[in-house]
Amino acid sequence: MLASALSVFALAATASALPYPTKSGCKEITIPVTVNVPRFIVTATVNDNWDAVALTLNLTRRDFTNTTDPLPVAGMTAASVESKFEVGATLCGTGGPMLILTHGIIESKLYWRPNLDNAEKYSFVDAAVKAGYSVLSYDRIGVGSSSKVDALSDAQFQVEAAVLDSLVDYARTTANASKVALVGHSYGSYLSVASAASKKTAVDATVLTGFAGNFTYFNPFLAGSAFRVAKIRDPLRWGHLDPGYLTTADLFAETYVYFGEERDFERRVAEWSHYVGSEPFAVGELPSLLGSSPIDFASVTSPVLVLQGQFDLSACGGNCVGLLEPLKTTFAGAKTVETVDNLPAGHNLNLHKVAPQAFDMVFDFLKRQGV
């Protein structure tokens, strides 16, 4: 058992020691952002793992959308609240068509460009640059290199959607993008939808992964993650965070919710994802996402591609085949809607063996839309 523990420690130490991969034309930047939006009054109290379990029960109860709704939200502030954040990002190139990448929860921008050995085939950023795109990949607020924020009042869905709106403006003005496509994953897909609906013609295409447009199958993800307070689970990595930041219980819980059939991924990638790539998420994010629903899908005017691993647990309950067709009606205002529901992967599509083919599908779609 000691040997196993030392092996895991060695893996984490080795992987985290690898420098963040930088290619010619890519640089780390900080983008100042000011947002001014109302806030949900999130009433959840999370100080320890007992509280995390209680919150999970509330979020997975079958009556969470009924009049007895146990969602820990007590309305919204009467007025907008202004906040200033610093967004840590990787910018590869400027001008031309630009892709803005938004990661999901329990992740950072490393999802788009893993820093483990022999990771080239899993790097969406490098594939996009090779395909001729400029890329802006960023850490959501509260995560990684971006501002550390209050887990209840700042890290909320509508706040993060406003941050993404600002990044669209940054791409158009400061980075001189001729076209802008939003590429989202999981929670980041919902943010991309909200921003595409808000910015309308400033967004030329929207690509969504880890997404089915509803929360019908969200409960297995929430329960299977077995959420724990991050600073308690790993004090060395996350002891500086407030207890309102949560993560999964262990490697196997995270593998269950984020990966598919074992033949479709490498164990070393799942291990890297948990021990290095993962980042805690804030308690305020999921209640504010649910409180913001239904999102105005019909206001998205850009072409939309929804690209899914067949075995996505949170989006499709473990089998996406046949479940994405209604999205063609949901995105009623979109110029076109295309769906793929059967790629051999789980939720974290980019970290499966099929990633290179999935990336090619994205670029083919974008080029057919003139992006």
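In the predicted model, Y217 is in contact with L313, S314, A315, C316, G317 and L323, when its neighbours within four places in sequence are left aside. Y217 itself lies in the loop that runs between β8 (205–209) and α6 (218–225).

A second residue, D169, is placed in helix α4 (residues 157–172). The relative accessibility of D169 is 36%, and D169 therefore counts as partly exposed. Once the neighbours within four places in sequence are set aside, D169 is in contact with T174 and K199. Between D169 and I105, which are 64 residues apart along the chain, the separation from C-alpha to C-alpha is 24 Å.

The packing of two helices was also examined. Two packed helices are described by the angle between their axes together with the distance between those axes. For helix α9 (residues 251–258) and helix α10 (residues 267–277), the axes come within 10 Å and cross at roughly 115°, and the crossing in which α9 passes α10 is right-handed. On the side of α9, the contact is made by L251, E254 and T255, while α10 contributes A270, E271, S273, H274 and Y275. Sorted by class, the residues in this contact of α9 with α10 comprise 3 nonpolar, 3 polar and 2 charged ones.

Technical notes. Residues numbered from 1 in each chain as written. Predicted model: local features only at pLDDT ≥ 70, side-chain atom pairs only at ≥ 80, totals over all residues. Heavy atoms only, no water. Axes fitted to C-alpha atoms, helices over the stretch in contact; angles between N-to-C directions. Helix = DSSP H or I, 4+ residues; strand = E, 2+ residues; numbered from the N terminus. Left-handed = near helix turned anticlockwise from the far one by under 90°. Contact = heavy atoms within 4.5 Å. Nonpolar A, V, L, I, M, F, W, Y, C, P; charged D, E, K, R; others polar. Buried < 20%, exposed > 50% of the residue type's maximum accessible area, 1.4 Å probe, protein only.
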